[in-house]
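Student: I would like to learn how to read a structure feature by feature. Where do we start?

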Amino acid sequence: MRGFAERVDVEEVQLFLRTHARPLESEAVDLLSCAGRVLAEDVRAEFDVPGFARSAMDGYAVMGEDTFGASAYDTIALEVRGESLPGKPFSGRVERGTAIRVMTGAPIPEGADAVVMAEVCEERGGKVEISEPVAPHKNVGAIGEDIRVGALVLRAGRRLRPQDVGLLASIGVRAPACVRRPRVQLVVTGDELLPAGSQPAGPRIVDSNSVVLRALVSRDGGELLPFEILPDRPEIIREAIQSLGADVVIVSGGSSVGTEDHAPRLVAELGSLDFHGISMRPSSPTGIGRVDDRLVFLLPGNPVSCLCAYEFFAGPSLRALGGRSREWPHRKVRLPLARKISSAVGRTDYVRVAVDHGKVTPIATAGASILSSTVAADGCVIVPRELEGMAEGADVEVLLYDDELPDGAAP
Ligand code: AMP
Ligand code: MG
C-alpha cells in the first residue's frame, strides 16, 4: 500500500473530460417519448400550419363588404347556404348576400374573407341577421399563421420541452433525430455491502451509493444498464469494467490505494488510468481512465465523496455525451456567509451548506462518510483552488440541491 504520489487539479481533469466526452451519434426517437431529449439536427417545417384558412370564431363566414353599415338598429340579413365544421368543410362558395355557418377551426369557404362572430348574429328562417360589421380578414387564421413551410422551427441542441414536442407533432414529424443517451454501467464493489432494501446487519452496511448514482444518472440523461453488487475480487471487477454496450463505466468503491482497491490497477491494465488522485475535498481518491472507447470513473466509496466526484466529473461528462450542457444543473443563489469557510490553496472544496434567514452556514459534521450532511444541506459551495477559504460576510454562490429556494433565500 502506497499513498498518492501527487494529485492533479480539478481543472486539469475537467479539461481532459471536455475533449473526451463529446455528443454521441443521433438516433430516431419516437415522438411520444422524445420530451427532454436533445435534438441532433435542425428541424424545418415541411407543412404550413394551418394548411388552410380557418375560422378563429364560431360565427358566419361572409364577404366582409356585405356587412358594412350593419348595426343593432339596422341589421343586415344574409342567406345561410350551409355549414363548415372542423374537418368537414363546406364545398360551395360564398357569394354576395350569402353566409356559411362556421365553427372555430373550420375551413373558410371560398369566396368568404371574414367571420362575423355568433354573438352579433341571429339566425332565423334560413337567414342570419348581423348587427355589427366585420372587416375583411377579420377572425380568419391565414395559411401558415402558426408555422410557415420551410421555417426553421427548432435548432440542433435543443432540449425538447413538452410544447416543442407538440409543435413537432403539428408539422407531421414522427421520430425526430435526437442525440443518443449515454449507457452507463455501474460497478458497485465492496464485500461489506448489502443490496438497497436490506437492513444493515453487524459489520455489513447497505449500499446507498448506487441508489444516489441511479438518480443522478437519470437526472443527467443517462441510461442505466442492469448491475449487481460485486465483491472486492479483481477478476470479477475486471469483467464488469469491460462491460459491452456501455459508453461510460462508473465504479463505486475501491478507487483508492488500499489492498482491496483493485479498480485503478485494472483500468491501467485494460486501458489507461489517466488520473488517479485529485486535489479536492472530499473525493481526492478519484480515478479517471478509459477502457476501449469507454470513459471510466472510479468514485470513492465514501458516500459524500461518491456524490461529489460524480457531480464534478461523471455528471458533466454524461450530460455532454447526451448533448446537454456541462454546466452544473443546479439553481444558483448568491448570499452572504454566516461563518467563514476554511480551505487550502491548491485544493478545491465541495462544502455542504445550509441556507437560513438569507445566510449561508457551512455544515459542521462534514466528513466524507457522513451522508446525512448532504441531506441536512440546502446546497453546496465550491471553494476554488486559488482560495484559502471564504470570509464571514462574503457573498458566495450556492448550488442548490432543490429547484425551490430555501426559506429566506428569495432575491
Ligand atoms: P472504499 O472506497 O471502498 O474504500 O470505501 C470507503 C467507505 O465507503 C467504506 O466505509 C465503505 O464501507 C463505504 N462504502 C463503499 N461502498 C459503498 C456503497 N455502495 N454505499 C455506501 N457506502 C459505501
Ligand atoms: Mg471498499
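Tutor: With one residue in a loop. This is a predicted model. Asn139 sits in the loop between β9 (127-130) and β10 (140-141).

Student: What is the phi of Asn139?

Tutor: The general idea comes before the case. Most residues other than glycine have a negative phi, and most peptide bonds are trans. Asn139 is not a glycine, yet its phi is positive, near 65 degrees.

Student: Is Asn139 buried or exposed?

Tutor: The relative accessibility of Asn139 is 17%, so this residue counts as buried, the cut-off being under 20%.

Student: Which other residue has a positive phi although it is not a glycine?

Tutor: Ser283 is one, with phi at about 85 degrees. Ser283 belongs to the loop between β20 and β21. With a relative accessible area of 2%, Ser283 is buried.

Student: Which peptide bonds are cis?

Tutor: One of them runs from Arg281 to Pro282, with omega near -5 degrees. Pro282 is in the loop between β20 (280-281) and β21 (287-291), and Ser283 is placed in the loop between β20 and β21 as well. Another cis bond joins Val49 to Pro50, also with omega near -5 degrees. Pro50 is found in the loop between β2 (43-44) and β3 (54-55).

Student: How should I read aromatic pairs?

Tutor: A pair of aromatic rings is described by the distance of the centres and the angle of the planes. The structure holds four aromatic pairs.

Student: Which parts does the pair of Phe16 and Phe275 tie together?

Tutor: Phe16 is in helix α1 (residues 10-20) and Phe275 in strand β19 (residues 272-276), so the pair links parts 259 residues apart in sequence. Phe16 counts as buried at 13% relative accessibility, and Phe275 is buried with a relative accessible area of 9%.

Tutor: For a tilted case, take Phe312 and Phe313: 5.8 Å centre to centre, with 40 degrees between the planes. Both are buried: the relative accessible area is 5% for Phe312 and 0% for Phe313.

Student: Which residues form one aromatic cluster with Phe312 and Phe313?

Tutor: Trp328 and Tyr350 form one cluster with them.

Student: What does Glu123 touch?

Tutor: Leaving out residues up to four places away in sequence, Glu123 touches Tyr60, Val80, Arg101 and Val128. Arg101 is 22 residues from Glu123 in sequence, and their C-alpha atoms are 9.6 Å apart. Glu123 lies in strand β8 (residues 121-124) and, at 31% relative accessibility, counts as partly exposed.

Student: How many helices and strands does the protein chain have?

Tutor: There are seven helices and 29 strands. The radius of gyration is 32 Å, well over the 22 Å given by the globule rule for 411 residues, so the chain is more spread out than a compact globule. Its C-alpha trace spans about 100 × 50 × 40 Å along the principal axes.

Student: What share of the residues is buried, and how do contacts run along the sequence?

Tutor: Buried residues make up 44% of the 411. Of the contacts between residues at least 6 apart in sequence, 70% join residues at least 24 apart.

Student: Last, how many charged side chains are there?

Tutor: The protein chain has 45 positive and 58 negative side chains, and the centres of the two sets are 3 Å apart. The chain exposes about 20,200 Å², with carbon and sulfur atoms supplying 50% of it.

How values were computed
Residues are numbered from 1 along each chain as its sequence is written. Chains are lettered from A and ligands numbered from 1 in the order in which they are written. This is a predicted model: local features need pLDDT of at least 70, side-chain atom pairs count only at pLDDT 80 or more; totals for chains, interfaces and linings use all residues. Side-chain values use heavy atoms; hydrogens and water are left out. Helices (H or I, at least four residues) and strands (E, at least two) are DSSP runs, numbered from the N terminus. The radius of gyration is taken over C-alpha atoms; the globule rule is 2.2 Å times the number of residues to the power 0.38. Buried means under 20% relative accessible area, exposed over 50%, partly exposed in between (1.4 Å probe, protein chains only). Contact means heavy atoms within 4.5 Å. Accessible areas come from the Shrake-Rupley method with a 1.4 Å probe; for residues, only the protein chains shown count as cover. Lys and Arg count as positive and Asp and Glu as negative; His and the chain ends are not counted. The place of a charge is taken as NZ of Lys, CZ of Arg, CG of Asp or CD of Glu. Rings of Phe, Tyr and Trp (its six-membered ring) pair if their centres lie within 6.5 Å; planes under 30 degrees apart count as stacked, over 60 as edge-to-face and the rest as tilted.
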